[in-house]
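The following exercises concern packing inside a protein model. Please work through each task before reading its solution.

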Amino acid sequence: MLSVAAFSTRPPVSKPLTTRSSSQRLHLHWEISLPLVVYNGNENSMNDSNHDNLSQHLCRAFNEIVESTEFFEVASTLDENNVDTVDNSSKKSTVKKIQSSHSHDGASVGSCRIPLFGSQVTVQMQLNLQSSGVESPQQPRSPKPTRTVTLSIDNCSDNTEISWICTKFYESRASLQGILDLSVLHPFVVAPPSFSMATTTSKLDPGVPAASAPLAGSTRTAAILKSSPTEHDIDSHQNSIMARLQRHGYVVVDAPELPRTNLVQHAALTDFLTEKTGQGDSIRTDTVHYLTRTEAAACGLTDHFDVLTSLASYLNENYEIEESPYKPLPPATEDSPLTNPERIQLAEYENSGFYTAHSDNPIVQDSGGSGLVRENFRRFTAILYMNEGWTKGDGGAVRLYLRSQALQYVQEVYSESEEPRWHVVDVLPSNGRLLLFDSRLVHSVEPVLSEQKRRALTLWIKRPIEGGV
């Protein structure tokens, strides 16, 4: 979770150069000058070879910073009007090289977008060659040029966003160690937040230990997740399911060991499906119930329940979970950071039913209004589908908007014509199919076109930590 600290009393590093209003959003342009700790003052440093070496080193460091957090997205070099060209290939998981200019008056090191704050928010780093100092009788202008690095931030709406961006660069200062002095970013750095700033206590339930799942379910799940790749991952046949989940943010598993649902079990479930979510029919139209293990067993779904609840243990042991500066909240531990809810959701969609694009763990304003936080502790969403003979013509697919974890506004996945402008993957709700994905991804349930009711079991694997997810 994020909160904004008071700015330092020292003079600001820079001031906004331009401010304008557009669609009720202020667009600020900031330029922050970062001192070089190498090359300056070295008379042998001004040749072309050293200049190019420095540019390449800065370019590599910038790439490392961008790749270190999901909130930055590599962008093509900005044009003179600070509008970058949309490049769909940059949304791929592979690292895209940033080409730098060779103009010694201003070599572009690299640029990135920050979808968290809107598609037009950009950061650019530039290496400049300029004369040093201001001429005065006591200190004549030096004839030797010096180099500076400028961090340009465009289209942010307030100081909170500027602070957050500077914090991300400051946290990655190891990449620039020995090249730039990032201490000038101190006035902009966001302080570690307090857990009391959570949105609501009820949404921050830390869950139960993953190890409490029945051993039989864990053994079965381990066998399932070592199965072969599926049709949804044709580019990754040589990689494990965990590697594909890490790379793409989702994985689809079709394995004979996964439990399927028959008509007798469906009939037993019908009596439970009486609850609407309260979110309104314009958002979602499903009917839901949260099943305990006892209720699942009464419907003949013990295997379904146990497979889903054992996923967290498998992920704790086999998934490379990103590090966090915050401590895990009990019952989570450093060795087992993922936990389970106590119940799983049963959801049913009838003909024409849908769920609009959303995230299971969206970015929201904290209760104090001073920063952006994740709404809850959900880290992975696991869905086990229950629909026999389902085809593409029946609709009801889950549509995943890939690499959308950092979006604050889900509407950004659509173009002005309301067509998807993001790379999407549709997953049909076939009986016995398991879909596992990053809960922060934007996704939707597309309209059901079948007279058959669409059913699924969903479990949200949690990562409870002091600072949110």
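**Exercise 1.** Is Ser55 buried or exposed?

*Solution.* The model is predicted, so local features need pLDDT of at least 70, side-chain atom pairs count only at pLDDT 80 or more, and totals for chains, interfaces and linings use all residues. Residues are numbered from 1 along each chain as its sequence is written, and side-chain values use heavy atoms, with hydrogens and water left out.

Step 1: locate the residue. Ser55 belongs to helix H1; helices (H or I, at least four residues) and strands (E, at least two) are DSSP runs, numbered from the N terminus.

Step 2: apply the cut-offs. Buried means under 20% relative accessible area, exposed over 50%, and partly exposed in between (1.4 Å probe, protein chains only). With a relative accessible area of 6%, Ser55 is therefore buried.

Step 3: list the neighbours. Leaving aside residues up to four places away in sequence, Ser55 touches Ala107 and Leu127, where contact means heavy atoms within 4.5 Å.

**Exercise 2.** Identify the residues that touch the most other members of the largest nonpolar core.

*Solution.* Step 1: define the core. A nonpolar core is a set of buried Ala, Val, Leu, Ile, Met, Phe, Trp, Tyr and Cys residues joined through side-chain atoms within 4.5 Å.

Step 1: name the residues. The largest such core has 45 residues, of which Ile165, Phe169 and Leu180 touch the most other members. H1 supplies the largest share of this core, seven residues.

Step 2: examine one of them. Not counting residues up to four places away in sequence, Ile165 touches Phe72, Ile114, Phe117, Val121, Val123, Ile153 and Cys156. A second, separate core of 37 residues includes Ile224, Leu225, Leu273 and Leu311.

**Exercise 3.** Describe the aromatic pair of Phe117 and Trp164.

*Solution.* Step 1: state the criterion. Rings of Phe, Tyr and Trp (its six-membered ring) pair if their centres lie within 6.5 Å; planes under 30 degrees apart count as stacked, over 60 as edge-to-face and the rest as tilted. A search of the whole structure finds six aromatic pairs.

Step 1: classify the pair. Phe117 and Trp164 are edge-to-face, at 5.3 Å centre to centre with 85° between the planes.

Step 2: Phe117 lies in the loop between E4 and E5 and Trp164 in helix H2, so the pair ties together parts that are 47 residues apart in sequence. Both Phe117 and Trp164 are buried.

Step 3: extend the view. Ring pairs link Phe62, Phe71, Phe72, Phe117, Trp164 and Phe169 into a cluster.
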